[in-house]
Structure formats: C-alpha cells, structure tokens
Amino acid sequence: MKQNIATKITDFFVNYFSLSGQLVSQEEAEKNIREGVSFRGTNILILILAIIIASLGLNTNSTAVIIGAMLISPLMGPIIGLGLGVGIHDFELLKRCLRNLIMAAGFSVIASTIYFLISPVNEQHSELLARTSPTIYDVLIGFFGGGAGIIALGSTNKGNVIPGVAIATALMPPLCTAGYGLATWQLAYFFGAFYLFVINSIYIAFATFIGVKLMKYKGASGADSMRARKVRKIVYTLAILTMLPSIYLTYNMLRENKFVTNADRFIQAECRFPDTQVLNRKAYMEHGQRYLSMTLIGRALPVDSLTLALSSKLKFYGLAGTKLSFIQGTQYTQTNTPDNSAAVGDIYRVAQSTISRLQHDIDSLNSLLHAEREAVVAAPEVAPEVKVVFPNIKKLGIATTLFAAPGSAEKTDTATVVLVHTAGRFPVSERRRLAEYIEARLGYKQVSVVEVSE
C-alpha cells in the first residue's frame, strides 16, 4: 500500500515536470542561439542606442526607461552562446562568443562614458547606486535567470522568457554605471558595477552550460575530450572565484542591516523621554566603527547624563562599542562622532522663518474675521436708526471686503460696504450722507454704499 502511494506521488511529479514532447531538436535550439551571437552591423548599433537609453534612465532615475533599454539590448546572445559552446565542446563558438561579449561590453562602457561626460546632470540617483554593490543575491538571479533562458530556447513554448531574463538579470545598467564611474572618475563605482556585469554574465553562461548537459545535447564532432575537461575546470573555477567576493559583500550588507535593525529596537525601547522625542535617527558604519546619531525635539536633555545612561544599555541590543551622538535644537553634541551641525542650524532657521510667516498670516486672517463679525452684528443695531434718518431705505446690510487692483502686486485695501434696498429713488447725495453716518456711528473708514434690487 505504501509503495503504491509513493509510486503515485512520484508519477504525479514526473508528469508535471517532464520535458518530453516539449523540447525542440538540438539543431533548432543551436540555430536560435547562434543567430544571437553575432555582433556586427545592426546588432552593435542597437546595443549602443540601448546603452544610451539606459544611461538616460539612470540619469533621470526612471525605472521604466531602464527596463525599456534592457528589452532592446541584444547582450543575452553571446552570453548564452558561451554556455552552449562549453556544453557541446564547440570551442570555435566559445571563442567567438567571448570575443563578441568583450567587444559589446567595451562599446557599451565607451558609449555610456561619453554620454556621462556630455550630460550636464551627474547626480547619484538610487537606480545608479543600486548597481555598485553586488551580493550573492545577484549570483542567484544570474544563475536562475540563465536557467530559465536555456529552458525557453530549448522548448517549443518560448513565451516572453528571454525578455524577462534580460530584465531580471539587468545586464545593461551595470555597464552604464561603469561608464558613469569612468566619466566622473569614481573608480569604486566602475569596479563595483563591472563586477556585477561579470557576475551576471558568468552565471547566465554557467546555468546555460548546466541546462545543455541536463537536456543531453551531443558534443561537437571531433571535439578534444582533454581540452573539454580543461575548459570545464576553468568554468567551475571562474564560477567559484566570481562568487567569493559577492559572499563577502553579502556578509557586510547583512551585518549592516542587522545593526540598523538593532539600532531601531534600541531607540524604540530605551529612548522614551517625558518631554522629548526622537525626531530622526541615522545608524551607519564607517571604517569598521558603528555610529548612531539621534535628533531630539522638545525639552533639551543633559547630554552627559543621557550618554552615560544609554551607553550602558547598548550591549543588550548587540550595539556594544557604538558611538552615540545627539542633536538638540541648534546645538549638536557628539561622543567622538564626526559630523556637521551647520545643516541642522539651517533647517532650524528656515523652520523659524516659516513659523513667523504663518503666524503673520493667521493674525491677518483673525483681524479680518473680527471685522466681519463686527459688521454682521452692527447691521441689526443701526437699522432702526437708519430707518428714521432715511425713511425710503427698506433693508440694510453691512459687510467687510478687500479691494485689489487686477494684475497688481500692491497691497489690498480693506473697506466696509453697506448694501441697501430702497422703496424708491436713492440719489448720490443720500448715499454720501449714509456713508458719512455709518462712518461716524460705527467708527468705520472707507464706507461705500451700494444700492441693490430685490
């Protein structure tokens, strides 16, 4: 009974993952791959245009433009050709792919370097910086992307796999960033980005090589078996050597992420003060030393006591040896941490100026609101008196308004408008008399009388 269940489960998975009947012939798959290896004429022109588009995307920090450039780029061809050449022992194809890939990478870096030398914008955006710190995750992306690519090229149902692999493995942006590093003479950018390109290329080719072996492609006729074994050893060695720096960079990234997480836990648990709050924090590592800077808002705290109290608790959060620094108001206080308080002082002064301006606006609005309320109360108060002096006035209303000249930046004038509805004719002289009466009775200035109809 148990054997039957195991057999059924095995058959179930075999049926779902079986490639029988879904693979094209080796000749057809090789033809598709070999057609994308060549880098002459239109292919090289398309590559240069794609690298400029990707550079524009990095320059403007536009993800959509970068993705478009990756879809245009023909870089995948020679990389997959490398894996095929190693897998079927076709050393002529291997040399041709390697030569074309070096030429393509060289043209790409030259084109992006020229672009960034000419471009007036040289800011370091997030999309640019993301291409300078490769990790083990980039190795995995390249490997699994290459695996998906060779399976698609060898199957009858290719779909949109190759464009998806081009986007996922991101071959173009590292070359653009390498060009940016040369153009601005920031060699750390150049080497970091070029290393990322090498990782992607080697592991796409490595995954292609493994895919070719799993699909049991036959080797080229007359291939030298000793030479094939030597090439395979070189491939394995390159794959391992390429991975080692990424493992070290991944370790540093995880260590820094853990430090930032511990710093957040420390601030949430220990930095709770009655009349003071942590407005901002910055946790970073520099030359192996860890720093934690906090900006405090509210009542100023004695820094010596604060440092002493908090430093003793750092070890409970995995932060032993971390140097603390505090910014309070315009005062910056540090514990052996290099930093600059000028920016904080500028921010404080700008905030104070903004608060003063807003307070002036509030006072002006309150003044207008007070005048409007007085006008609303005044109308019912003086209406009986106005009726005696001006018998033909049936209704009266008083409002405060602002007058300004259209298109002028001059200050507006506040004026009082008296709206009247009369039983008969209300001449200009009577209006002038009514305005003078309201000014004397209520103490207003610049009273205007407007006659309205029902």
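In this predicted model, Gly211 is a buried residue, with a relative accessible area of 11%, which lies below the 20% under which a residue counts as buried. Gly211 belongs to helix H11, a helix formed by residues 187-214. In space, the C-alpha atom of Gly211 is 9.3 Å from that of Gly149, although the two glycines are 62 residues apart in sequence.

The packing of two further helices was also examined. Helix H5, which covers residues 76-87, and helix H6, which covers residues 91-118, have axes that come within 8 Å of each other and cross at roughly 155°. Because angles over 145 degrees count as roughly antiparallel, H5 and H6 are described as roughly antiparallel to each other, and their crossing is left-handed. On the side of H5, the contact is made by Pro78, Ile79, Gly81, Leu82, Leu84, Gly85 and Val86, while H6 contributes Leu93, Leu94, Cys97, Leu98, Asn100 and Leu101.

The cysteines were considered next. A search of the whole structure for disulfides returned zero. Cys176 is buried, its relative accessible area being 0%, and Cys271, at 7% relative accessibility, likewise counts as buried. Another cysteine, Cys97, is among the residues that H6 brings to its contact with H5.

Methods
Residues are numbered from 1 along each chain as its sequence is written. This is a predicted model: local features need pLDDT of at least 70, side-chain atom pairs count only at pLDDT 80 or more; totals for chains, interfaces and linings use all residues. Side-chain values use heavy atoms; hydrogens and water are left out. Axes are lines fitted to C-alpha atoms, for helices over the stretch in contact, and angles run from 0 to 180 degrees between N-to-C directions. Helices (H or I, at least four residues) and strands (E, at least two) are DSSP runs, numbered from the N terminus. Angles under 35 degrees count as roughly parallel, over 145 as roughly antiparallel, 65 to 115 as roughly perpendicular and the rest as oblique. A crossing is left-handed if the near helix is turned anticlockwise from the far one by less than a right angle, and right-handed if clockwise. Contact means heavy atoms within 4.5 Å. A disulfide is a pair of cysteine sulfur atoms within 2.5 Å. Buried means under 20% relative accessible area, exposed over 50%, partly exposed in between (1.4 Å probe, protein chains only).
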